Protein chains: 2
Amino acid sequence: MKTITITDVANHAKVSKSTVSQYLNKRYEYMSEKTRKKIEETIEELNYQPNIIARSLKQKSTFTVGVVVANILHTFSTQVIRAIENYFYEQGFHIIVCNADDNPEKEKNYIEMLRAKQVDGIIIFPTGDNLDLYQRMKSDQFPIVFMDRTIEELDIATVMLDNHLASKLAIDRFIEKGFENIAIITTSIIRDISPRIERIQGYKDSLATHGIPLNAEYIKTVNADEIPVALSEFFELEKPPQAVLAGNDIVLNEVLRYMKQHEINIPDDMAVIGIDEVPYASFYTPTITTVNQPAIEMANLAAELLLSQINKTGKEDTSVHRLKPTLLSRNSC
Amino acid sequence: MKTITITDVANHAKVSKSTVSQYLNKRYEYMSEKTRKKIEETIEELNYQPNIIARSLKQKSTFTVGVVVANILHTFSTQVIRAIENYFYEQGFHIIVCNADDNPEKEKNYIEMLRAKQVDGIIIFPTGDNLDLYQRMKSDQFPIVFMDRTIEELDIATVMLDNHLASKLAIDRFIEKGFENIAIITTSIIRDISPRIERIQGYKDSLATHGIPLNAEYIKTVNADEIPVALSEFFELEKPPQAVLAGNDIVLNEVLRYMKQHEINIPDDMAVIGIDEVPYASFYTPTITTVNQPAIEMANLAAELLLSQINKTGKEDTSVHRLKPTLLSRNSC
DNA sequence: GAATGAAATGAAAACCATTACAATTACTGA
DNA sequence: TCAGTAATTGTAATGGTTTTCATTTCATTC
């Protein structure tokens with residue numbers, strides 16, 4: 001089946017390509033009612049779809065943006081992707097989703113592919129290991145927004161959680177409930193992944209604020225599969241913690257799995273709070289207190305920032321936007 | 001910043017465009033080691049990225065496929081998307097993910113946008129209401145694979161669950177555990193969404209096999225927000241069901257939420273099985289017996305079918321592939 | 001009936017890479 | 001030095017659209 005082009009439409013409607021193009025771009029003031037109708041009918045009849053690739057080549061704009069997430073397994077990533085997709089759908093944009101799997105190589109590959117495909121901009125959860133690449137996009141003035149993680153030295157618009165506050169909300173809650181021996185577990189912090197670092201810092205600062213001495217043994221940063229070991233180590237301590245803050249949804253899952261397996265009662269034997277809301281939080285036994293990220297607001301903000309870079313509206317905003325988490329108080333603490 | 005083209009590279013490396021193009025397409029046999037190196041260095045130095053849009057226009061192939069899911073909120077969709085992405089990443093393809101929100105209008109819009117963008121193929125979870133569109137793609141010989149849902153009359157390659165078996169596995173389990181009054185809840189079946197229909201049919205057939213009379217009051221097909229009402233109705237029956245099969249993960253969540261709220265003990269007051277594995281199934285209290293869809297295998301198969309259509313390898317496969325679910329036996333029944 | 005100006009239309013260049021092909025140049029070994 | 005092969009070049013066409021600007025059309029007016 002031969003594809004039909006604007007030329008076919010033009011010939012068939014007995015007008016020039018230019019006029020058809022004008023029509024396609026809704027510049028009706030340049031043509032008579034009659035030709036407008038004629039073209040409309042012809043398009044209908046031939047079932048013509050303009051070739052967006054050709055248009056993109058000419059216009060240097062693809063109406064497509066890339067979203068590179070560090071790890072699509074986090075609920076948070078999924079929520080953000082969904083919201084970004086929604087936002088851009090309204091604007092007539094498509095999004096290309098890429099999962100870097102926390103792998104800088106893969107990230108690099110994707111970014112280059114996306115740029116080669118001439119996407120109009122990229123929202124990226126940076127792995128943090130491609131500084132030169134980020135730098136280049138920046139100096140090329142290529143529209144880019146960071147999500148969830150910041151790279152201090154780069155001066156790129158960023159949307160992230162107020163992670164410090166996230167920890168604080170949890171710690172305050174623990175203390176309010178009378179716990180003082182509070183542990184924290186996050187996934188690995190190689191490559192200084194900022195939210196994790198910040199959550200730990202927030203944890204430390206909050207304890208300090210409450211005059212609680214820091215116990216290094218209460219802080220674990222390990223891969224998901226090592227969480228059971230980390231928890232076991234807690235319980236082997238002379239003074240095991242009475243409460244644990246799970247640094248993200250994956251950690252929370254592992255913590256709950258462990259507690260279930262070892263028949264440890266929540267919150268009596270161990271109180272638990274998770275950062276990231278999870279779908280089962282409100283009907284688990286006990287219901288789980290979580291610190292919720294405003295994923296949709298964050299996604300919308302990031303999308304907005306990107307779009308304004310793409311459209312070059314407004315002066316450039318290269319600040320780091322930190323949105324506030326909220327505590328969803330339930331019964332696990 | 002001016003973008004650099006193949007011409008710039010050619011000039012800079014003092015070779016012709018043709019040679020650079022040969023290089024880009026890895027046809028090294030047409031050039032000496034020396035020129036190969038020279039071009040390589042120049043590309044590196046100028047930081048040249050070939051414009052894939054221009055290439056696509058010429059080659060009529062974008063190395064991009066579209067994935068249109070009916071509803072991205074289902075865990076299953078997410079898993080499938082992830083696996084498809086993985087598969088195509090290996091092949092150097094990008095995927096554009098679209099969420100039709102169970103809305104045929106939106107689906108139509110997306111499919112047309114994707115085709116206008118000249119994607120090389122589409123994997124689609126069909127809403128079922130755009131028969132003419134599906135038909136046209138089919139007759140255009142446009143590569144397309146259906147996922148999760150079938151449209152009987154269309155003769156399009158399809159990958160889906162053996163839904164009949166999924167229900168059977170659950171019912172067999174219920175009966176093995178001594179339950180006879182078994183209910184089922186699925187989300188709405190307007191537009192004859194095939195998995196839901198089939199799961200209900202499987203439910204009916206399995207009961208029949210076991211010689212259990214059908215009770216119409218035990219079957220509910222309602223929207224997610226009406227599930228609490230549906231459950232309440234169960235309990236108001238003269239003989240309330242002792243067991244309930246949740247038709248998908250969203251239904252399961254709502255069922256569990258209800259049970260928690262009304263302090264109904266699982267499995268003693270009501271046994272529960274869910275179709276679709278959920279992340280918390282193995283550490284919930286009680287642990288939840290689920291029927292698991294082989295999401296990754298299904299995704300891989302769909303991707304493979306699509307790719308073979310794109311590459312026109314092998315004869316066309318328009319059959320409906322049904323993969324087998326497995327029962328993950330736990331304690332909720 | 002011709003001049004005027006606005007409206008409608010068309011021709012051609014541009015976007016950037018691919019491809020084909022004939023033409024040229026550089027090298028190898030005899 | 002020559003034939004013969006290998007490497008490279010230049011040119012032009014191709015893909016489908018947008019865009020600019022020149023040209024044509026047409027109704028109006030004097």
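This is a predicted model: local features need pLDDT of at least 70, side-chain atom pairs count only at pLDDT 80 or more; totals for chains, interfaces and linings use all residues.
In strand β3(A), A:Ile123 is the bridge partner of A:Val67. Strand β1 of chain A covers residues 64–69, and β3 of chain A covers residues 121–124. The two strands pair in the parallel sense, with 4 bridges between them.

β1(A) also pairs with β2 of chain A, residues 94–99. Here 6 bridges join the strands, which again run parallel. Within this pairing, A:Val69 stands opposite A:Asn99 of β2(A).

Is β1(A) mostly covered or mostly uncovered? Of its 6 residues, 6 are buried, so the strand is mostly covered, given that a residue is buried if 20 or more other C-beta atoms lie within 10 Å of its own.

## How the two protein chains are related

Chain B can be superposed on chain A by a rotation of 180° with a shift of 0.2 Å along the axis, and the RMSD is 0.4 Å. Such a relation is that of a two-fold axis. Which residue of chain B has its C-alpha nearest the axis? That residue is B:Ile96, whose C-alpha is 2.4 Å from the axis.

The same surface serves both copies, since 100% of the contact residues of chain B recur in chain A.

## The contact between chains A and B

Chain A contributes 36 residues to the contact, and chain B contributes 36 residues. On the side of chain B that touches chain A, at least two residues each come from α4, α5 (75–90), β2 (94–99), α6 (104–116) and α11 (249–261) of chain B. Of the elements of chain B, α4(B) gives the most to this side, with 5 residues.

By class, the side of chain B that touches chain A has 16 nonpolar, 12 polar and 8 charged residues.

## The surfaces near the DNA

The model also contains DNA strands C and D. Around DNA strand D there are 31 residues, and the closest are A:Thr5, A:Ile6, B:Val15, B:Met31 and B:Thr35. In chain A, the elements that give two or more residues to this surface are α1 (6–13), α2 (17–24) and α4 (52–59). In chain B, they are α2 (17–24), α3 (33–46) and α4 (52–59). The surface near DNA strand D has 10 nonpolar, 14 polar and 7 charged residues.

DNA strand C has 27 residues around it, of which A:Ser16, A:Ser18, A:Thr35, B:Thr5 and B:Ala54 come nearest. Two or more residues of this surface come from each of α2 and α4 of chain A, and from each of α1 (6–13), α2 and α4 of chain B. The surface near DNA strand C divides into 8 nonpolar, 13 polar and 6 charged residues.

## Backbone details in the loops

Most residues other than glycine have a negative phi, and most peptide bonds are trans. Several places in the model depart from this pattern. In chain A, the peptide bond joining A:Thr285 and A:Pro286 is cis, with omega about -5°. A:Pro286 lies in the loop between β9 (271–275) and β10 (289–292) of chain A. In chain B, the bond from B:Thr285 to B:Pro286 is likewise cis, with omega near -5°, and B:Pro286 is in the loop between β9 (271–275) and β10 (289–292) of chain B.

B:Gln141 has a positive phi, near 60°, and is located in the loop between α7 (131–139) and β4 (144–147) of chain B. Is B:Gln141 buried or exposed? B:Gln141 is exposed, because 11 other C-beta atoms lie within 10 Å and a residue counts as exposed at 12 or fewer. B:Glu263 also has a positive phi, near 50°. The loop between α11 and β9 of chain B holds B:Glu263, which is exposed with 7 other C-beta atoms within 10 Å.

Note on methods:
Residues are numbered from 1 along each chain as its sequence is written. Chains are lettered from A and ligands numbered from 1 in the order in which they are written. A residue is near a molecule or strand if its C-beta atom, placed from the backbone, lies within 6 Å of it. Ala, Val, Leu, Ile, Met, Phe, Trp, Tyr, Cys and Pro count as nonpolar, Asp, Glu, Lys and Arg as charged, and the others, Gly among them, as polar. Two residues are in contact if their C-beta atoms, placed from the backbone, lie within 7 Å. Two strands pair if DSSP finds at least two bridges between them. Copies are superposed by least squares on the C-alpha atoms of residues with pLDDT of at least 70 in both.
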